[in-house]
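Please open the structure in a viewer and display it as a cartoon.

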Amino acid sequence: MNGAQRVLIAADKFKGSLTAVQVAERVTAGLRRVAPGVEAEALPVADGGDGTVDAAVAAGFERREVRVAGPLGQEVTAAFALRGDTAVVEMAEASGLQRLPAGVFAPLTASTYGSGELLRAALDAGARTIVFGVGGSATTDGGAGMLSALGARFLDADGEPVAPGGGGLAGLASADLSGLDPRLASVELILASDVDNPLTGPKGAPSVYGPQKGASPDDVETLDAALAHYAKVLEETVGTKAAGHAASPGAGAAGGIGYGALLLGARFRPGIEVMLDVLGFAPALEKATLVITGEGSLDEQTLHGKAPAGVAAAARAAGKEVVAVCGRLALAPQALGGAGIRRAYPLTDVEPDVAKCIADAGPILERVAERIARDFLT
């Protein structure tokens, strides 16, 4: 490469080791040791899952904190991001697995109520466009908790509110959405997710993601039946569109909160595409001669809407060269090439011991970045 070299570092977090911001800092440090004159711009990215608010804040959004209900009803401090009248709300901040005590799962009772409170806080802050990033949830309640926090009512046969969580929906007798916050009608709500599952069935939220949240095979069956019943009751309330939404791509995202968002009039878009727009990726890309993306594990899942695939697709369309950093690499060179990634640099190339890679990810990533600089910048 000749002329001024400008590297754009647009990587996601290395889950359990480094945040997306830390990945960018370490890569920059490694590049500069070998190519001191390189201009590096950091644009940490996320695909709508956990880390989405942090990525927005790193791109210049203001961090706002608010007290909301966690997945088990306990109070937690959750954040959303705001710039002008655009808010980035991450459901995992309120209702994510990270909000459960260590080793505790609550597949039948965990609620998205706090996610609804976060959306309400964004409305209170004057948001007219809300990017609702969903992923990493502890919940499988079809968004019923979120809708309740926004004014919906879900009652049992005695006219009492149903118990929280997906399990409680089995006792649902009637739903009333007439009390929903009226401000929702005039807001653009974008459902940003990296999964396109429907609400129920073999590819639905309980079957595919329930086990990750501690659901036993019996729990999965219970949740699937409860969510199907919930959609049926909603069909009686809001008409056939409720059934259409249940079968729509993204309805099953984050334990079915995608379904709740679609009922609110949200538009579903792949999370990484939305986030690249919001973070200002296109203008940053224009100035770059090399793009470095990445995430903790580059594997088959990466190719299905994860951040590095989205970054590489956009960069390739702009004719830019892309390399990737990762903790571990489980993709063949052909698959990488097909995704628009010229070469991947896993930490395990420098340190074969995976436990050490996780424990010392930062310094090892700097050494990986030195290799990239030698290969592409000198």
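Begin by selecting helix α10, residues 271-279, which lies across β4 (75-83), β5 (86-90), β6, β9 and β10. Its direction is at about 90 degrees to β10. Helices (H or I, at least four residues) and strands (E, at least two) are DSSP runs, numbered from the N terminus. Axes are lines fitted to C-alpha atoms, for helices over the stretch in contact, and angles run from 0 to 180 degrees between N-to-C directions; contact means heavy atoms within 4.5 Å.

The model is predicted: local features need pLDDT of at least 70, side-chain atom pairs count only at pLDDT 80 or more, and totals for chains, interfaces and linings use all residues. Residues are numbered from 1 along each chain as its sequence is written, and side-chain values use heavy atoms, with hydrogens and water left out.

Next, select helix α9 (residues 253-263), which lies across β6 (129-133), β9 and β10 and runs at about 160 degrees to β9.

Now show the strands. Six of them form an open sheet with mixed pairing, in the order β3-β4-β5-β6-β9-β10; two strands pair if DSSP finds at least two bridges between them. Because β3 (62-69) and β10 (267-270) each have a single partner strand, one side of each lacks a neighbour in the sheet. From one strand to the next, the twist averages 30 degrees.

Zoom in on β9 (residues 188-193), which is parallel to β10 and joined to it by four bridges. Here A192 stands opposite R269 in β10.

Finally, select G204, in the loop between β9 and α6 (205-209). Beyond its neighbours within four places in sequence, G204 contacts P198, L199 and Y209.
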